[in-house]
Amino acid sequence: MRRGEVHALLGENGAGKSTLMNVLYGLHQPDEGEIRLRDEPVAIGSPREAIGLRIGMVHQHFMLIGVMTVAENVVLASEPRKGALLDRGAAERRVSELSERFGLAVDPRARVEDIGVGQQQRVEILRVLHRGADVLILDEPTAVLTAQEAQELFAVLRNLTAEGVSVIFITHKLREVLEIADRVTVLRRGRKVDTVSTQGATEASLAKLMVGREVLFRVEKEAEEAGRPLLEVEGLEALDDRGLPALRGLSLQVRAGEIVGLAGVDGNGQSELVECVTGLRVPAAGTIRVGGREIGGAGVRGALAAGIGHIAEDRHRRGLVLPFNLAENLALRGYRRGPLSRFGLLSPRRMRKRAFPLLQDYDVRGGDCDTPAASLSGGNQQKVVIARELAEDPLVTVAAQPTRGLDVGAIEFVHRQLLEQREAGRAVLLVSLELEEIRSLSDRVLVIYEGRVVAEVGPDASDEELGVAMTGGRAPAEA
Amino acid sequence: MSATGGGDGGQAPGTVASRLSGYLRGGGVLVPVITALLSFLVGGVVVLAAGSNPISTYRAVFEGSGLNWVFPWLSAEDRTLAALNLQQTLLLTAPFILAGLAVAFAFRAGLFNIGGQGQYLVGTIAAVWIGSSLGDLPALLHVVLAMLAACAAGALWGGIAGLLKATTGANEVISTIMLNWIAIWLGVWLFSVGGPLHSSDPAQESVPVSDDVEPGARLPVFWGDPELQGLHVGLFVAIGVLLVFWILLNRSVTGYEVRAVGFNPDAAEYGGINAGRTYVKVMLICGLFAGLAGALDVLGWQFRIATTDVQISQVGFYGIAVALLGRNTAVGTAVAALLFGGLINGTSVRNLDPTIFDPQLAVNLTLIIQGLIVLFVSAPVLITLLSPGRLVRRARGRPAPEGTA
């Protein structure tokens, strides 16, 4: 690690990236080995000592206090004081000064809960800089950002390195590594595979280092003849959580043996559509038929019984009960029925007996039936969700952002599973913000805009074509 | 972790009750043991400040609880005394177990049931009403009927709070506290002179007390002298309910739903669980437990209720401390109930030698220790500050954020 460079740390979920960084930041103690900083071996016993050594960390999940202002959050735990009181003016001046020097524009007086995620991340970075850090650790900083915000972050990082700050950038997105990093260290299963310069590296070469074998970026698939419609949505209207219309007469069809991709800018009714189809939201009008059966308003159990599988957008909020063990999580859809329960009593033995082969088949690593879902890596958690949903043998699988936050190996796995559903003559509705993913998997691409399907294009439509439709422009003639 | 702390690895933020409940089950058996020890330690400082010797005081409290009965070396005379004391301790333990379960079960669904006291009180009212009337019923039927009536009354009281939560979103903490007061004043009205359940005995004409429970509706004493408030079979009822609680929570479809809702209501909904219906079900069951506790006291040793009993009763509130210390598990609740039963009995004026500790202060010692336990278990920050880092991380129940955790 050199002064003033951006050093990326790349690895699959569970490869040990976060653990390594937690050791550097003093959250975990190493069992063996030593850490050298500025040529001297150091022992980092706690985050406080790490801060003393001018190491700063920005976590994936921000640790900010929403009701406090930006300035108050930045100086927290090392406040400029006026007597026993916080010197607010000095704090605000300090924040302005820092943000000017490093090109991180934020309003020091804004309340953190009122500003966007990208801005909040800047506050985190400012806080670390305020404490004098010159080694900055960023743990998957782009996971929560839009593409635009990510670009802004990269600009900030370039400013920081120009000022002599070194940045460790943890990620599993290959494109970002090539874009921002000077050098990259690849980890696999807790070991360093190699450290290479990004000059001359390609996505394919990095992916190979990371996974240990060649990775297919384009999904190969046979042309399939689409069969009868399994999911038919007609004139669907629904309100969002604030009571505003989110779906305004949306219609779509997914036939047996096809994957239909739903592309769109976030917040155009995708979540509401997914919730209506999976029974989580009651539609205000319109019909939803699964295999010819009407399920609108039948609730989650009704949708499940009709043959809907749901890979939820947020596996922590919806898809998993994190403190439950894997056997319990795998039972979330089927615990009410035999063989998992009889006469209102659960059988942990039969739950395990059912879970064990699923964990094998879906290659879930890092835990067995009795491991809490919380302790698995993101990719393995997603495998658990997919195992559970596909084990119900659904007619229609609704996959919402199924690869969000996953590494290339896990993404490939998820894609293969969806394609297998297609080959088995099932229907898949894929909702994703990743155009690349939609294009490579879908047989047809529908574009959603303001609660309606506004265009249908083929999977080989260009970015421009999709972009125009997604922002409400007239789509060009069918590709 | 920086001073802001609290970043909880991305789990959906539950209610305060569910987070507290999760924390309570996080750190193995160590946290409650440390909690109890700390409470006794601080209590000892208070004893010292009051001018007594804490070690001999605690020894006297222990002997007063009758728990020394288990020591094989006691003389016959000491053993007789210890047996009497232990009977009294267990007499308190049985309703504490049930009141504790009433709080613990709600905790597991992410609800904070402060209403154990009200549910307990309506249980006592129903038990004394059925127990003192219907005198010509066969004994077994009568006692069972009185217990069922108490369960139903408690379940109704808890169910109201659950229904309000499910339909209007009313916070169960507020509604159960209000229901406590309704139960208290209902009891005072029923048993006061001229009230609907006021005693028909001419000798009690001016005393605000209920009729006596019929002999046939009393729980039989199995250990000790029935005339001297021996130990009744209600203890076995409580132990049986502990077993039911464990099976219900860990081995039943309902318990799965309760735990899922408690951990993550959104994921529960995704699994097809109706959170509102679960809240009602949970509060019905909690009320049932607390109501049954009321039946044990009325049918086991009180046999009548005066308006003052209604006003000073604390059993339901002890249930909160029992559940907190017992970490909302079956075994923990049993142990914590025994601890509180022993503590209260051991510090009762009757049991504590005035030369060792001023009996007037003794009752306050119980309250101090109880208060400290509630304080220590409810203030995770304190415990985490006082415990080694490893424990903290275990209490969080997860390793460091990993991948996209």
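Chain A has 17 helices and 22 strands, both taken as DSSP runs numbered from the N terminus (helices H or I, at least four residues; strands E, at least two). Its radius of gyration, taken over C-alpha atoms, is 24 Å, close to the 23 Å that the globule rule gives for 479 residues, so chain A is as compact as a globular protein of that length; the rule is 2.2 Å times the number of residues to the power 0.38. This is a predicted model, in which local features need pLDDT of at least 70, side-chain atom pairs count only at pLDDT 80 or more, and totals for chains, interfaces and linings use all residues. Residues are numbered from 1 along each chain as its sequence is written, while chains are lettered from A and ligands numbered from 1 in the order in which they are written.

**Domains**
- An automatic or database domain assignment divides chain A into domain 1 (6-211) and domain 2 (229-470).
- Nine residues from domain 1 of chain A and 12 residues from domain 2 of chain A form the contact, where contact requires C-beta atoms, placed from the backbone, within 7 Å.
- Helix H8 (residues 203-211) of chain A supplies the largest share of the domain 1 side, three residues.

**A:Gln120**
- A:Gln120 belongs to helix H5 (residues 117-130) of chain A.
- Beyond neighbours within four places in sequence, A:Gln120 contacts A:Phe62, A:Leu64, A:Val112 and A:Ile115.

How values were computed
Two residues are in contact if their C-beta atoms, placed from the backbone, lie within 7 Å.
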